[in-house]
Structure formats: structure tokens, C-alpha cells
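Dear colleague,

I am handing over the structure below for you to look through.

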Amino acid sequence: MEDDAAPPMVELIEGRLERVGLTPEEASRAAGLAPDFLDRLREGRVAVPRGERLRRLAEALFTSVSYLVGLDPDVPPPAEWLEEEQGSLGLLAGDEEGLLRAYRKLEFSAKAAVLLVVRRMAGPEEAPDAVPARQVRPGRSRS
């Protein structure tokens, strides 16, 4: 893909890089992305980021999501930009899909250990709504 066909976001990102004095690699790493992410975005080899990836990129560039998607920085971004990207497995977000793929490669004992750790990190599960026990009024016997 030629540079003039790059997503409009690329130009905004490059302007922010220059303004804050970061290299594309530094900004990508700060956002938790692959070091060559911005190069691949410019070339059209990766999708424009959404959701958490977009939020982290905006933070790394000291700007807002609204600015990166071409809006006034003081205007809230459309909800679809904040939704997580859907993975190729279906209804999973990209990060969920990555976790599931890695989990499926583990041996059974490792899966059990991972599940235990994740459950502890997530905290207690909400108890389902309890159905109150039937109360018996005094003086009435149940036969």
C-alpha cells in the first residue's frame, strides 16, 4: 500500500510523534504494541486499532482517542472506536482470543494451574440469586 493510501490516523500519529519527540518504536512499545506496529499500520498490514489498543496508543502519544480518530479532542469518541476488536474465533475480543489460543496449547495440569490463578486474580464470583426457603407460619404444621 502506498503512503498516500495509509489510514488518516497515520498522519495524526506521525504529527504526535514529532510533537512529543518519540520514535514510532518507542510509542508502540509504550502502548504495549509490537515495535513495528506503526510501520505495519502505515503499510496497511494491520487494522486500525480500536478499544484498549487505541486507548493505550493515545496515552503513549499524550493525546485523546478523539484526536487520533480525527475528531475535536474535547468531543467524546464514538462508542464503536472504544469497543474491543473482535477476534477471528467469533465473539471474542483479540486479547481474549490470544489467551484462549495460548491456553489450548497447555498440558492439562498447566491449564488447571492457570485457571486457579485467574480465578484468584478475578476475585470472588457473584453468588446466584438465592431462592428464599419457604417459611412456615407459627402454629401451622406441614404435613
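The notes below go through what was found, one topic at a time.

Please keep in mind that this is a predicted model, in which local features need pLDDT of at least 70 and side-chain atom pairs count only at pLDDT 80 or more, whereas totals for chains, interfaces and linings use all residues. Residues are numbered from 1 along each chain as its sequence is written, and side-chain values use heavy atoms, with hydrogens and water left out.

Salt bridges

The structure holds 5 salt bridges, the term standing for a side-chain nitrogen of Lys or Arg within 4 Å of a carboxyl oxygen of Asp or Glu. In one of them the side chains of Glu14 and Arg42 meet, at 2.7 Å from N to O. Because Glu14 lies in helix H1 (residues 8–20) and Arg42 in helix H3 (residues 37–42), this pair ties together parts that are 28 residues apart in sequence; helices here are DSSP runs of H or I with at least four residues, numbered from the N terminus. Glu14 is partly exposed at 33% relative accessibility, while Arg42 is buried, with a relative accessible area of 19% (buried means under 20% relative accessible area, exposed over 50% and partly exposed in between, with a 1.4 Å probe and protein chains only).

A further salt bridge joins the side chains of Asp36 and Arg40, at 3.3 Å from N to O; Asp36, at 32% relative accessibility, is partly exposed, and Arg40, at 23%, is partly exposed as well. Arg55 forms a salt bridge with Glu52, the closest N and O atoms being 3.2 Å apart, and both residues lie in helix H4 (residues 51–60), 3 residues apart, or about one turn of the helix. Salt bridges that share partners also join Glu14, Asp39 and Arg42 into one network.

The cavity

On a 1 Å grid over the protein atoms alone, a cavity is a set of points where a 1.4 Å probe fits but cannot get out, a pocket is an open set with protein on both sides within 12 Å along at least five of seven lines, and lining residues have an atom within 4 Å of a point. The structure holds 1 cavity of 30 Å³ or more, and about 30 Å³ of space lies in the largest cavity. H1 gives the largest share of its lining, 4 residues, and the lining divides into 5 nonpolar, no polar and 2 charged residues.

The pocket and the surface patch

Which residues line the largest pocket? They are Leu99, Ala102, Tyr103, Leu106, Val114, Leu115 and Val118, and they divide into 7 nonpolar, no polar and no charged. The volume of this largest pocket is about 220 Å³, and H7 and H8 each supply at least two residues of its lining.

Leu106, Val114 and Val118 also make a nonpolar surface patch of about 200 Å² (patches are made of residues with over 30% relative accessible area and no salt bridge, like charges being joined within 9 Å and nonpolar side chains, that is Val, Leu, Ile, Met, Phe, Trp and Tyr, within 5 Å). Leu106 sits in the loop between helix H7 (94–104) and helix H8 (108–122), and is partly exposed, with a relative accessible area of 32%.

With best regards

Terms used:
Areas by Shrake-Rupley, 256 points an atom, 1.4 Å probe, with all protein chains shown as cover. Points joined across faces, edges and corners; volume = space filled by probe spheres on them. Nonpolar A, V, L, I, M, F, W, Y, C, P; charged D, E, K, R; others polar.
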